[in-house]
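The sequence and the three-dimensional view come first, and the description follows.

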Amino acid sequence: MEFSDGTGPAAITDVLIVGSGPAGAAAALLLSTLDIPNIMITKYRWTANTPRAHITNQRAMEVFRDAGIEHQVLADATPHDLMGDTVFCTSIAGEEIGRILTRGTHPGRHGDYELASPCLPVDILQTYLEPILVRNATERGTQARFAYGVELGQFYESAAIVTDGSTRPAPTRDPELFYEPSTVPGARLPHVWVGDPRTRISTLDLAPMTRFTLLTGIAGESWVAAADKVAQELNVPLETVVIGPGRAVTDLYYDWARVREVEEDGAILVRPDKHIGWRSARLVADPYQALLGVLTKILGRGAA
Ligand SMILES: Cc1cc2nc3c(=O)[nH]c(=O)nc-3n(C[C@H](O)[C@H](O)[C@H](O)COP(=O)(O)OP(=O)(O)OC[C@H]3O[C@@H](n4cnc5c(N)ncnc54)[C@H](O)[C@@H]3O)c2cc1C
């Protein structure tokens with residue numbers, strides 16, 4: 001797998017893990033323990049900064065044991081025999097209604113735990129556990145990249161995007177923090193308000209997740225029949241929205257004309273995830289063949 005954030009050279013890895021929480025960091029640790037190359041990226045510059053998950057059951061401890069980090073977890077955890085009762089009260093400082101021995105601390109239950117596993121449950125705060133997982137994962141080969149979450153400038157390059165020969169416009173601001181509207185294939189469909197004088201809708205509403213959507217203007221009407229035929233041929237939900245005066249969807253503020261980057265008779269194919277799969281600057285001689293070829297590629301249905 002080739003991984004790139006679009007701003008630097010691509011990295012090659014077998015597995016890309018998104019997130020360094022307990023799930024992501026444990027996955028990274030286990031993959032690296034098995035010598036499977038992996039990169040772990042995460043949104044923030046830190047691991048969990050509040051306690052959150054803490055009760056760690058026997059099965060989880062067995063995983064840590066297998067990975068050879070059980071002793072590290074035990075060193076930072078509250079051990080089983082010190083795990084307190086579960087208290088019911090009207091408020092933290094209020095009247096106590098009752099308490100029970102939980103998490104296997106009741107003598108009648110404790111034996112089951114001892115018999116079931118070499119490990120007992122512990123109480124380790126997420127703030128303590130995540131660094132242990134991340135540290136060991138990286139020591140064993142995981143490449144961890146913090147602050148890799150893209151907040152607004154998501155962009156795809158993949159076999160499910162068909163280029164129109166153009167390149168992504170160079171970002172003028174931090175591409176992880178800012179979205180700069182473009183309909184270049186791979187970009188997210190720009191949001192502008194369209195609709196009719198009574199109802200404003202977003203261009204994003206025109207392309208629901210249940211289908212592919214083709215956007216064109218009145219001069220591009222020929223795309224409609226072509227798209228219908230392709231939808232039938234490939235048995236894929238694909239609908240065309242014609243944006244223009246007198247249509248159900250009008251370009252209320254002419255914002256769409258400003259951001260669409262294709263002529264009025266051109267077309268923009270939007271994937272169900274609202275990213276541009278392909279675009280055509282103008283109406284082409286055979287829109288059916290053009291669309292058929294593009295969707296076949298996006299769906300990976302071409303010859304192997
Ligand atoms: C206030 C609070 C209290 C809680 N208390 C308890 C409790 O008492 N007991 C308990 O068992 N559980 C508790 N939980 C739940 C526990 O924290 C979660 O179940 C646990 O963190 C889930 O682990 P995870 O790895 O699946 O996801 P997370 O810990 O949520 O990790 C997600 C990771 O993905 C990263 N990420 C997210 N979006 C992106 C992106 N777009 N790009 C890149 N990276 C991204 C994040 O930075 C993070 O590293 C609590 C949660 C909260 C918020």
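## Basis of the description

Helices, as named here, are DSSP runs of H or I with at least four residues, and strands are runs of E with at least two; both are numbered from the N terminus. The model is predicted.

## Helix H1 and its surroundings

Helix H1 covers residues 22-33, 12 residues in total. From its first C-alpha to its last it reaches 16 Å, close to the 16 Å expected at 1.5 Å a residue. Just after H1, Asp 35 adopts a positive phi of about 60°.

Which residues of H1 are buried? They are Gly 24, Ala 25, Ala 26, Ala 28, Leu 29, Leu 31 and Ser 32.

## The open sheet

Three strands form an open sheet in the order S3-S4-S9, and their pairing is parallel. S3 and strand S9 (143-145) stand at the edges with a single partner strand each, so one side of each is left without a neighbour in the sheet. From one strand to the next, the twist averages 20°.

The parallel pairing of S4 and S9 runs over three bridges. Ile 39 has Gln 143 as its bridge partner in S9.

## The hairpin of S6 and S7

Strand S6 (residues 86-89) pairs with S7 in the antiparallel sense, over four bridges. Thr 86 stands opposite Ile 100 in S7, and a hairpin of six residues joins S6 to S7.

Is S7 buried or in the open? Strand S7 (residues 96-100) has five residues and the number buried is zero, so S7 lies largely in the open.

In soluble globular proteins, nonpolar side chains tend to be buried together. The largest nonpolar core in this model has 25 residues, of which Ala 25, Ala 28, Leu 29, Met 40, Val 73, Leu 133 and Ala 137 touch the most other members. The elements giving two or more residues to this core are H1, S4, H2 and H5.

Leaving aside residues up to four places away in sequence, Ala 137 touches Ala 25, Ala 28, Leu 29, Ser 32, Met 40 and Thr 142. Another core, of 24 residues, lies apart from the largest one; Leu 189, Trp 223, Ala 226 and Ile 298 are among its members.

Notes. Residues numbered from 1 in each chain as written. Predicted model: local features only at pLDDT ≥ 70, side-chain atom pairs only at ≥ 80, totals over all residues. Expected span 1.5 Å × (residues − 1). Buried ≥ 20, exposed ≤ 12 C-beta atoms within 10 Å, placed from the backbone. Pairing = 2+ DSSP bridges. Axes fitted to C-alpha atoms, helices over the stretch in contact; angles between N-to-C directions. Core = buried A, V, L, I, M, F, W, Y, C linked by C-beta atoms within 7 Å. Contact = placed C-beta atoms within 7 Å.
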